[in-house]
Amino acid sequence: MAAARVTLYSSMESYRQQRKGKVILVRETLSETLVAASEKLKENVEELRLLTGGVVDDITLLREDDILIAVTSSTESTRATPSSPIILSDLPEDQLPELGPQTDQSHFLLKKCSRLLSPDAPSRHDWVRLNVGGKVFATSRATITSDPSSMLARMFESDWFSATDDSGAYLIDRSPEYFEPLLNFMRHGKLIINEGVNPQGVLEEAKFFNVTKAIQPLETLVKNEEFSLAGHLTRKEFLQMIIGSSSSSVLRCQGINLEGVDLSNLDLRNINFKCANLRYCDFSHSDLTNCVLERADLSYATLNNAVLQCVHMPRVVMEGACLKKCIMDASLGVSTNLEGANLKAATFDNSQMSCVNLRLASLKGACLRSCNLRYAIMAGTDMENCDLSTSDLQHANLRGSNFESTNLKDVVI
């Protein structure tokens, strides 16, 4: 195997200023390579480093045209300790080193700066470790101070002293479960709360730390959760619940009781109605795009002319529901999912249902006259006593379906 040629720089500063490096051949051993580097630079080279700051201790890992930085006795003070992050400057993309799968990326901090490993460059002190209720969080000082009015910002912008644990992390006596969503909000400005985490607890943390930008959306979320648990709602109460919430963000209404409520002509996009009681509701002309209706009960509901694109509703109950002229095709790129749904005696006449997933659904006695069911997934679907007359089933997957006593007059297959 031919020896690799690498380019050697006497310091990171030389590389940054694009000075000419020295090309050397990698020798059979690391010690021989260090001697060759010393002869080329006319200095005693003690170790070699990659651009990422990693120490070269195995020359077999070096590749042709790798760039190495020599550490000599004169540059000893610029070495990074194993616990210090290596700062990579704002280099052109073609000059940025690759962090491979074997690289310990915890030692590297990619950050825009004007210098590399210089006294003025950001140091590990720009990172803060917080021990919140026994759980340690590592974050940047910029994140902690992103809301200047918050208690956290005041803590770390002043000469604040607090007890620390054995690792040096600042001790904060609060709940880590509720603190974590708040910390993520300060990182990217989006409120993301995992299932099982009470928004009320996160709200209390936001108020305690005075993270003002998070308080209002959290209060809205808590109010919506209270509505969900309050029992049966009227149309007016439900409208009050959704007013102020963005149609592009998910509104959680799991288990809500809206039985018999008139919800027609409304923008209901991105609402999570999982396991909700929506029996006898009127959704006529409403937009339910991207809604979740998994295991919801819509028995005898009216959804004429409703938009049901990209809706996730496996095992939904729609027995006796009326869905004439509904739009649930895949024109938005995601198929509506009705897998395992109870659609007995439901009416879908003249609906756009291309690519809809009806796998294992029960459509006994349902009416699907003049429906567009192209490319629909109907494998294992029970279509007994269905009326499919004049519908278009081209390219539909009908494997294992039950068509006993089904009206297939003028069906296009």
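**Before you start**

The model is predicted: local features need pLDDT of at least 70, side-chain atom pairs count only at pLDDT 80 or more, and totals for chains, interfaces and linings use all residues. Residues are numbered from 1 along each chain as its sequence is written, and side-chain values use heavy atoms, with hydrogens and water left out.

**Stop 1: the whole chain**

Show the chain as a cartoon. Its secondary structure comes to eight helices and 11 strands. Helices (H or I, at least four residues) and strands (E, at least two) are DSSP runs, numbered from the N terminus. Of the 413 residues, 45% count as buried. Buried means under 20% relative accessible area, exposed means over 50%, and partly exposed lies in between (1.4 Å probe, protein chains only).

Accessible areas come from the Shrake-Rupley method with a 1.4 Å probe; for residues, only the protein chains shown count as cover. Among the contacts with a separation of 6 or more, 34% are accounted for by residues 24 or more positions apart. Contact means heavy atoms within 4.5 Å.

**Stop 2: a charged patch**

Select Lys22, Arg27, Lys40 and Lys42, which form a positive surface patch. Patches are made of residues with over 30% relative accessible area and no salt bridge; like charges are joined within 9 Å, and nonpolar side chains (Val, Leu, Ile, Met, Phe, Trp, Tyr) within 5 Å. Lys and Arg count as positive and Asp and Glu as negative, while His and the chain ends are not counted. The place of a charge is taken as NZ of Lys, CZ of Arg, CG of Asp or CD of Glu. Lys22 counts as partly exposed because its relative accessibility is 39%.

**Stop 3: salt bridges**

How many salt bridges does the structure hold? There are 13 salt bridges. A salt bridge is a side-chain nitrogen of Lys or Arg within 4 Å of a carboxyl oxygen of Asp or Glu. Side chains of opposite charge can pair when their charged atoms come close.

Select Glu180 and Lys135, whose side chains meet in a salt bridge at 3.1 Å, N to O. Glu180 lies in helix H5 (residues 176-188) and Lys135 in strand S8 (residues 135-140), so this pair ties together parts that are 45 residues apart in sequence. Glu180 is partly exposed at 32% relative accessible area, and Lys135 is partly exposed at 38%.

Next, select Arg174 and Glu205, joined by a salt bridge of 3.0 Å, N to O. Arg174 is in the loop between strand S9 (170-172) and H5 and Glu205 is in helix H6, so the pair ties together parts 31 residues apart in sequence. Arg174 is partly exposed, at 24%, whereas Glu205 is buried, at 4%.

Then move to Asp382 and Lys364, where the closest N and O atoms of the salt bridge are 3.9 Å apart. Both residues lie in the segment after S11, so this pair ties together parts 18 residues apart in sequence. Asp382 is buried at 18% relative accessibility, and Lys364 is partly exposed at 37%.

To finish this stop, select Glu259, Arg279 and Asp297, which are linked in a network of salt bridges.

**Stop 4**

Select Pro199, in helix H6 (residues 199-208). Is Pro199 buried or exposed? With 3% relative accessibility, Pro199 counts as buried.

**Stop 5: after strand S11**

Select Cys310, in the segment after S11. Cys310 is buried, with a relative accessible area of 10%. Which residues does Cys310 touch, not counting those up to four places away in sequence? They are Asn290, Cys291, Leu332, Val334, Ser335 and Thr336.

Ser389 is also in the segment after S11, and at 11% relative accessibility Ser389 counts as buried. Leaving aside neighbours within four places in sequence, its contacts are Leu368, Arg369, Ser370, Asn407, Lys409 and Val411.

End at Ser401, in the segment after strand S11 (271-272). Ser401 is buried, at 17%. Not counting residues up to four places away in sequence, Ser401 touches Met378, Ala379, Gly380 and Thr381.
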